[in-house]
Amino acid sequence: MRKKIWAALLLLTAAVNVLAWNSQAFCDWHVKHLFPLSVNIYGRLMSVFPFSVGEGMIVLAVLLAAAALAMGFARIFVRKGRGKRLISVFFRSSAWVFLAVFMIMTFNCFILYHASEFDETYMAEKARRTYTDRELIQVRNHIVGELNALTEELERDENGFIVYRGDMKRQAIAAMQNLGEDYELLSGYYPKAKGITASDFLSQQYMMGYYFPFSMEANYNTSMYVVNVPATLCHELAHLKGFIYEDDANFIGYLACISSDDPFYRYSGYLSVLSYVEKEYKSASGKQEFDCLSIAKAVRADDIFLTEEAWEKVEEKAVVETAVVKAASNQFTETTLVMNGVSDGMKSYGRVVQLLLEYYDGILYDCSYDGGAILVEASTD
């Protein structure tokens with residue numbers, strides 16, 4: 001009977017995956033009606049714990065994998081008695097664990113990859129427009145101008161590094177809930193983000209944070225430079241609202257931060273997209289001359305992942321070389337994205353620039369008619 005139940009649940013979950021790949025309407029319905037239950041019920045439960053439950057689950061998964069190898073090896077030699085029964089119980093239990101993992105990943109992750117993206121939901125008309133280098137430079141200059149102005153307002157220590165004395169986790173929730181007033185899917189409950197104990201290892205992967213579908217938590221790297229934290233918190237919280245694509249989460253994190261009343265949050269938001277915009281700008285500037293703003297020295301200095309001191313600590317504790325860890329992490333991320341239908345893999349992170357071009361249409365320029373873009377007065381919102 002148990003085998004039949006297991007097989008039925010496996011087939012049902014597989015069928016849901018097939019449906020997800022073939023019906024965006026179903027996936028959108030799931031994001032709007034079912035997925036929020038995971039955050040509002042399970043996410044609230046996990047938020048009771050002050051530490052990252054997801055991180056503990058990863059450690060447990062590694063231990064279970066090691067135990068499975070040991071049990072598989074033992075099975076070759078143990079043919080009868082209590083040992084054989086113990087091994088059988090372990091593998092039967094492992095089958096149920098596998099099923100649970102498959103089901104959770106399906107409903108809290110896989111389906112999300114086939115739902116409508118942010119601009120399809122909230123900027124559908126603009127998503128069909130084509131933008132040129134002319135609009136790109138307007139967006140780039142706006143972002144650089146905001147950064148150059150905001151860098152003068154921030155408190156710094158004797159080494160020139162930014163100091164923040166507020167509660168970033170609460171501020172992130174407030175920023176996201178504020179954004180939810182304009183974008184319905186972003187409204188509602190958010191749990192506090194949690195720092196990762198093994199942040200040094202996360203740094204070796206060049207990861208700022210991650211969304212963990214098994215505990216419905218937003219996790220972040222506590223070793224990285226403080227200016228990266230606000231945008232990362234909002235980015236990971238965006239995943240908890242069903243926006244699984246990295247470009248969508250980057251854009252949502254950006255919007256949440258720049259809409260904040262806190263200069264530090266706004267600075268983090270603008271800085272979070274600077275490298276993506278600069279990459280596109282440099283590619284475009286090779287074709288023609290642009291009237292561009294220079295990036296302030298302090299802004300360039302702040303555009304880092306970790307401080308030199310933090311990197312030294314990471315390398316001192318490293319068990320495996322950072323280059324090896326990073327390569328393995330990149331390969332895993334690339335494979336995961338491609339398997340979930342993101343054909344360009346990690347390059348998709350940079351699609352946030354397209355979302356920025358769509359968002360600023362009507363703010364910095366107007367592409368609503370066929371004659372091309374008309375520049376409008378830049379907004380300082």
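Biologist: Which helix is serine 268 found in?
Modeller: Keep in mind that we're looking at a predicted model. Serine 268 falls within the stretch of residues 263–285. That stretch is helix H12.

Biologist: Is serine 268 buried or exposed?
Modeller: Its relative accessible area is 2%. Buried means under 20%, so serine 268, at 2%, counts as buried.

Biologist: Which residues is serine 268 in contact with, leaving aside its neighbours within four places in sequence?
Modeller: Contact here means heavy atoms within 4.5 Å. With those sequence neighbours left aside, serine 268 touches Val227, Asn228, Pro230 and Ala231.

Biologist: Let's move to tryptophan 29. Is it buried, exposed or partly exposed?
Modeller: Tryptophan 29 sits in helix H2, which covers residues 24–46. Tryptophan 29 has 42%, so it is partly exposed.

Biologist: Which residues make a nonpolar surface patch of about 390 Å²?
Modeller: Tryptophan 29 is one of them. The patch is made by Trp29, Leu34, Leu37 and Ile41.

Biologist: How far apart are the end C-alpha atoms of residues 49–74?
Modeller: UniProt, in an unreviewed entry, lists residues 49–74 as a "transmembrane region", along with 95–115. In the model, residues 49–74 are 85% helix and 0% strand. The end C-alpha atoms of that span lie 37 Å apart.

Biologist: And what share of residues 95–115 is helix?
Modeller: The end C-alpha atoms there are 29 Å apart.

Biologist: Zooming out, how many helices and strands are in the chain?
Modeller: The chain has 381 residues, and 45% of them are buried. Its count comes to five strands and 16 helices.

Notes
Residues numbered from 1 in each chain as written. Predicted model: local features only at pLDDT ≥ 70, side-chain atom pairs only at ≥ 80, totals over all residues. Heavy atoms only, no water. UniProt positions renumbered as here; feature names shortened; annotations may be inferred. Helix = DSSP H or I, 4+ residues; strand = E, 2+ residues; numbered from the N terminus. Buried < 20%, exposed > 50% of the residue type's maximum accessible area, 1.4 Å probe, protein only. Patch = residues over 30% accessible without salt bridge, like charges linked within 9 Å, V, L, I, M, F, W, Y side chains within 5 Å. Areas by Shrake-Rupley, 256 points an atom, 1.4 Å probe, with all protein chains shown as cover. Salt bridge = Lys/Arg side-chain N within 4 Å of Asp/Glu carboxyl O.
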